[in-house]
Amino acid sequence: MKLSRTVPIERTTLSAATFERLITNVVHGTWKAGQQIPTERILCQQLGIARNSLREALKAMELIGMLESRVGEGTFVCPRSEFLSRPLLWAFTGTDHAELADLMEARALMEADLAGLAASRATPEELKRIEDTIHAMEHDIAGSEAVLESDMAFHLCVGQAAHNEVLANAAQLLRNLLKYWIHLKLMIGRIPAQALERHREIYQAIRGRNVQASRALMQEHLNETTTLITQLTASMTGSLQSNEKNLRAVTGSDRRRTLARTASKKVKDT
Ligand SMILES: [Zn+2]
């Protein structure tokens with residue numbers, strides 16, 4: 001794998017320039033999602049910079065969710081949907097959930113509008129794409145596989161069928177910010193099947209060109225999601241406080257898995 005440009009970086013604002021240069025590799029697809037990036041030694045040579053500057057820039061890229069370093073393996077490019085969502089996720093794992101509530105409310109309002117627009121504007125091809133995500137989700141559930149991607153794909157396709165790129169992109173950003181919570185929600189046993197049923201109803205309403213029903217059903221679906229996520233955050237706040245000491249010792253991803261288990265168990269129990 002090579003860098004898009006290999007001219008050494010000028011000494012001014014070194015880390016920022018390194019950061020920009022490295023980002024270019026991701027944005028232009030020189031480094032693709034899931035791929036391992038070159039080693040620090042090679043990057044330092046190619047960019048003509050010291051290891052400290054490189055590390056600072058790599059750290060910044062990790063913080064915004066572009067790269068992920070895995071102990072003993074190296075540094076990898078994250079999927080695009082992860083970009084920028086990570087720092088905000090951290091903000092939402094705190095004890096103040098007011099922003100999370102705002103985020104979920106904004107999402108529900110936007111997606112209800114998108115569903116209404118999709119009911120009047122979806123082309124036959126777009127309807128087919130929405131339907132395909134339902135089949136994908138059925139397939140995932142039947143195979144006991146994770147449904148996060150097929151669930152998110154449904155909402156993405158409805159957004160695209162609304163033919164308002166600004167609104168669709170805004171909703172996609174909100175979904176990405178909520179992705180962690182949506183993921184936790186979908187780990188609760190009965191939820192994927194329930195979400196699938198809602199998707200079917202919304203799809204039928206969109207296909208039937210029923211604007212009012214499409215809006216109302218999407219709003220209802222996302223209200224249910226809001227209720228569940230609120231329950232999850234409440235149970236996690238409790239577990240965070242009691243386990244704070246232990247949690248500090250484990251890595252981010254381990255911590256998230258631990259929380260996911262605790263949270264889904266607690267919601268099942270309630
Ligand atoms: Zn859904």
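View 1. In β2, L67 finds its bridge partner in V77. Strands β1 (residues 67–70) and β2 (residues 74–77) run antiparallel and are joined by 4 bridges; two strands pair if DSSP finds at least two bridges between them. This is a predicted model, in which local features need pLDDT of at least 70 and side-chain atom pairs count only at pLDDT 80 or more, while totals for chains, interfaces and linings use all residues. Residues are numbered from 1 along each chain as its sequence is written. The hairpin has 3 residues between its strands, and G72 in the turn shows a positive phi of about 75°.

**View 2. The whole chain, for orientation.**

**View 3. The largest nonpolar core.** This core has 42 residues, and L114, A115, A118, V158 and I206 have the most contacts inside it. Such a core is a set of buried Ala, Val, Leu, Ile, Met, Phe, Trp, Tyr and Cys residues joined through C-beta atoms within 7 Å. Helix α5 gives the most, with 11 residues.

**View 4. Around I206.** Not counting residues up to four places away in sequence, I206 touches A115, A118, A119, A122, I130, V158 and S214; contact means C-beta atoms, placed from the backbone, within 7 Å.

**View 5. A second, separate core.** This one has 15 residues, including V26, I37, M61 and L67.

How values were computed:
A residue is buried if 20 or more other C-beta atoms lie within 10 Å of its own, exposed if 12 or fewer, and partly exposed in between; C-beta atoms are placed from the backbone. Helices (H or I, at least four residues) and strands (E, at least two) are DSSP runs, numbered from the N terminus. Two residues are in contact if their C-beta atoms, placed from the backbone, lie within 7 Å.
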